[in-house]
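Here's a quick briefing to read alongside the fold. Have the sequence and the 3D view open as you go through it.

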Amino acid sequence: MIRRHFSSWFIPVLLLLVFVFAVDAQAAGTNPAQAAVQSGQTPKGPRPEQFTYPPLNFKVPKASEFRTKLSNGLVVYIAEDHEIPWFSASLLVRTGPFLEPKDKLGVDGFAGSIMRSGGSTTMTGEQINERMDFLAGTVTARNLSINIKYLDEGLKIWMDILTNPAFPDDKLRREKDQALPAIRNRNKNVSEVAGRVYSDLIYGENSPITQETTEATITGITRADLIAWHKKYWGANNAILVVSGDFKKAEMMKKLEATVGKWPKAEKAVPPIPKVQQASKAGVYMVQPEVIPNQGIIRIGHLGLMVDDPDYAAVDLMNYILGGGSFSSRITKVVRTDNGLAYSTSSSFSGGGGGGPRGGGGGGGAGILYPGTFTASCQTKNSTVVFASQLMLDLIEGMHNGDVSEADLKMAKSARVNAFPSMFSGVGSIIQNFANLEFTGRPMNYYDAYLAKYEKVTVADLKRVAQKWLQPDKMIIMVAGNIEECKAGANNMLPNQPTIDAMAAKFGGRTIDGLAKKYGAGTVHIVKLK
């Protein structure tokens, strides 16, 4: 009772005192923090710029510490993690869309999905749902996550899905019914149109990288196709297993040997990696979605490089300064902060197997399987599309011409080097990183030399790679939006009119025609939706 009585009067009085203190400070022309200093209440401790930190002393784990193999040839990356009584496992399966027949695009995704939703020859999908709910775990064709005390049953269910999928016709019909509306409506969404058209411009409409499912390919997939696909590619020799959890490694290896160690082999999958060259010439390309938006999406760029290219570390640091460093980057500062044209804007060297269903040029990591793209992008009002494009091109051109300093390099290098240990923040991420390296056929010592590559980059290196990898003669400027409004350019009522005038003088006017003359043959290319 005493405690309740005390709190009932003390908290209101305390709030009143804080309010009076703030009002007095405001009346005196100071903020409360300044008033505290002036009243003799000196803040304790050092200022943020006075903090010092010990040198980074992070050692990369060795892949060999985690890698092993089961008797059926299945490669396993395994690590103990005793933080919670849990088990997590994932499969990297070498199926992939490059293996799909052109008239059956979508069979890979359907097979993986229906293996789970359709259940096995011994348990329906609904029965699996009910049992996994009881066990408080989750299972898909590629993943198992479950409390360690229920692991034996979880592994049994998972192996049943992997080895005995039923592929019932009703589940295939449902998958088709769900897929077809998205195909029919994909020309209505401006973001989807922008990503698809930009990838087509970089890689070509007929490239395996940009091939897309259609109504014909989806409706043509049969249950027999799913069975054949599973039999051909889903096997121990086409996968890597990643396992972590609250167990002893020796004991867990016995469990895995008795379960996934019995998983049969399949035909060895060797996905053909397409040869890549930029499909479209430099210039301005515009496309209008079926549902006309009030904002336009801009993507500016060209074909990029591979992540294992010797120049990559320097290119990554250069791009961090240009547009990859979030609020630290020039593109974000100029386009978003200084001129208020877009909520999100950036640049990246991306794609090439790092993102999207076919590893397309719109996102994800740098080029892993084939060269990715350099892309600067933002979304802005139709009336400011030209202005935003000019600002980004101006910054790209400045970087290409060597506008970079030692302070820029120090900032970017510090960000990348200090962030490196976060890539190994837990045992799950450690073994996943190593599994990804092996899965994509990359050097297993990649992370050993990672920091050294970044630390040795100089300003001269940044200038060299900027001139080499930012290529004005190949620059594609793609705009998805209301074509007529986006073409017209900025009006005279914007508060940043002096900057608009400066960019117009440099890039041939306020309309998009000036960009077409500078970066192409003077023609604005209108792309038809497919």
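Among contacts with a separation of 6 or more, 79% are between residues 24 or more positions apart in this protein. Keep in mind that this is a predicted model. The secondary structure comes to 20 helices and 12 strands, and 48% of the 530 residues count as buried. The protein exposes about 26,200 Å², with carbon and sulfur atoms supplying 55% of that.

**The six-stranded sheet**

- Six strands make up an open sheet with mixed pairing, in the order β9-β10-β8-β11-β7-β12.
- At the edges sit β9 (345–350) and β12 (524–526), each of which pairs on one side only.
- From one strand to the next, the twist averages 20°.
- Strand β7 (residues 283–287) and β12 run parallel and are joined by three bridges; Val-284 stands opposite Val-524 of β12.

**Helices on the sheet**

- Helix α7 (residues 190–203) lies across β7, β8, β10 (373–381) and β11 (476–480), and runs at about 20° to β8.
- Helix α11 packs on the sheet too, where it touches β9 and β10; its direction makes about 160° with that of β9.

**α11 against α17**

- The axes of α11 (residues 312–324) and α17 (residues 459–469) come within 9 Å and cross at roughly 85°, so α11 is roughly perpendicular to α17.
- On the α11 side the contact involves Ala-314, Val-315, Leu-317, Met-318 and Ile-321; on the α17 side, look for Asp-461, Leu-462, Val-465, Ala-466 and Trp-469.
- Sorted by class, this contact has nine nonpolar residues, no polar ones and one charged.

**His-302 in strand β8**

- His-302 lies in β8 (residues 295–303) and is buried, with a relative accessible area of 0%.
- Leaving aside residues up to four places away in sequence, His-302 touches Tyr-198, Ile-202, Gln-278, Thr-373, Phe-374, Trp-469, Leu-470, Gln-471, Lys-474 and Met-475.
- Trp-469 turns up on both lists: it is one of the residues touching His-302 and one of the α17 residues that meet α11.

**Helix α3, mostly covered**

- Nine of the 11 residues in α3 (residues 107–117) are buried; among them are Asp-108, Phe-110, Gly-112, Ile-114, Met-115 and Arg-116.
- The cover over the buried residues of α3 includes α4 (125–135), β4 (138–139), α5 (151–163), α6 (169–185), α8 (215–219) and α9 (223–233).
- Following α3 comes Gly-119, which has a positive phi, near 70°.

Key. Residues numbered from 1 in each chain as written. Predicted model: local features only at pLDDT ≥ 70, side-chain atom pairs only at ≥ 80, totals over all residues. Heavy atoms only, no water. Axes fitted to C-alpha atoms, helices over the stretch in contact; angles between N-to-C directions. Helix = DSSP H or I, 4+ residues; strand = E, 2+ residues; numbered from the N terminus. Parallel < 35°, antiparallel > 145°, perpendicular 65-115°, else oblique. Contact = heavy atoms within 4.5 Å. Nonpolar A, V, L, I, M, F, W, Y, C, P; charged D, E, K, R; others polar. Buried < 20%, exposed > 50% of the residue type's maximum accessible area, 1.4 Å probe, protein only. Areas by Shrake-Rupley, 256 points an atom, 1.4 Å probe, with all protein chains shown as cover. Pairing = 2+ DSSP bridges.
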